[in-house]
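Dear colleague,

I am handing over the structure below, and after it I set out what was found. Please read the notes with the sequence and the coordinates open beside them.

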Amino acid sequence: EDKVVQSPLSLVVHEGDTVTLNCSYEVTNFRSLLWYKQEKKAPTFLFMLTSSGIEKKSGRLSSILDKKELSSILNITATQTGDSAIYLCAVPSYRGSGNTGKLIFGQGTTLQVKP
Amino acid sequence: KAGVTQTPRYLIKTRGQQVTLSCSPISGHRSVSWYQQTPGQGLQFLFEYFSETQRNKGNFPGRFSGRQFSNSRSEMNVSTLELGDSALYLCASSPGLAGWYNEQFFGPGTRLTVL
């Protein structure tokens, strides 16, 4: 059965710290991995990583895909209180060559950044 | 472009009742996926609709059903509500094109409480 596992499940840091969130996956037909940020309700898209794009960066956030280790990390440098959220890792499910419209999510990492 | 909208935002029901939730996707998007989010299970895939057809279904009992209309709006229905159905129900829209992954955009969710 396909699965995605995130660690740690929760994390408390102080402003200015650097954090690393982990995501590992076991899925058939792997093609891409996504990171979302969920603050209040709707998860918002951060990054998509694929075989042709294994590293992405946006401001203080960056992410790397390690296809050999079947894992990805999300780094946040110089954390701010506004980074407090649930960070979700997800892998799209494919059947044959078809997109099934299903995302397999990890449990999420709850990050709290204290002033 | 307007985002994904979901109505209602909050619902309180009692056990045994049924409920209908609505999702309007981004204009031009033909795929709508539904997810249930609970603290214990995280985000779990319910089903996905594309052009009024259910293309994929998760591991939920038959009490959970859905449909999609010709304008791509989607509804999901839960009959004979149980306490364990209390959750945040999220829908996500995407272009739904076959083959490569299409990014999913999430709505704000409907918070269902079953008493």
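**The interface of chain A and chain B**

Across the interface of chain A and chain B there are five residue pairs in polar contact, both residues being at pLDDT 80 or more; a polar contact here is a pair of N or O atoms within 3.5 Å, where within protein one must be able to donate a hydrogen and the other to accept it, and where residues adjacent in sequence count only if both atoms are side-chain atoms. On the side of chain A that touches chain B, β4 (32-38), β5 (44-50), β9 and β10 (98-105) each supply at least two residues, the strands being DSSP runs (E, at least two residues) numbered from the N terminus. The largest share of that side, seven residues, comes from β10(A). By class, the side of chain A that touches chain B has 11 nonpolar, eight polar and four charged residues, with Ala, Val, Leu, Ile, Met, Phe, Trp, Tyr, Cys and Pro counted as nonpolar, Asp, Glu, Lys and Arg as charged, and the others, Gly among them, as polar.

This is a predicted model, in which local features need pLDDT of at least 70 and side-chain atom pairs count only at pLDDT 80 or more, while totals for chains, interfaces and linings use all residues. Residues are numbered from 1 along each chain as its sequence is written, chains are lettered from A and ligands numbered from 1 in the order in which they are written, and side-chain values use heavy atoms, with hydrogens and water left out.

The contact (heavy atoms within 4.5 Å) takes 23 residues from chain A and 22 residues from chain B.

**The disulfides**

Over all chains the count comes to two disulfides, each being a pair of cysteine sulfur atoms within 2.5 Å. In chain A, Cys23(A) is joined to Cys89(A), with an S to S distance of 1.9 Å, and the link is left-handed, with -60 degrees about the S-S bond. Because Cys23(A) lies in strand β3 (residues 19-26) and Cys89(A) in strand β9 (residues 85-95), the pair ties together parts of chain A that are 66 residues apart in sequence. Cys23(A) counts as buried at 2% relative accessibility, and Cys89(A) is buried at 0%, where buried means under 20% relative accessible area (1.4 Å probe, protein chains only).

In chain B, the sulfur atoms of Cys23(B) and Cys91(B) are 1.9 Å apart in a disulfide, which is right-handed, with 70 degrees about the S-S bond. Both Cys23(B) and Cys91(B) are buried.

With best regards

Conventions
Helix = DSSP H or I, 4+ residues; strand = E, 2+ residues; numbered from the N terminus. Buried < 20%, exposed > 50% of the residue type's maximum accessible area, 1.4 Å probe, protein only.
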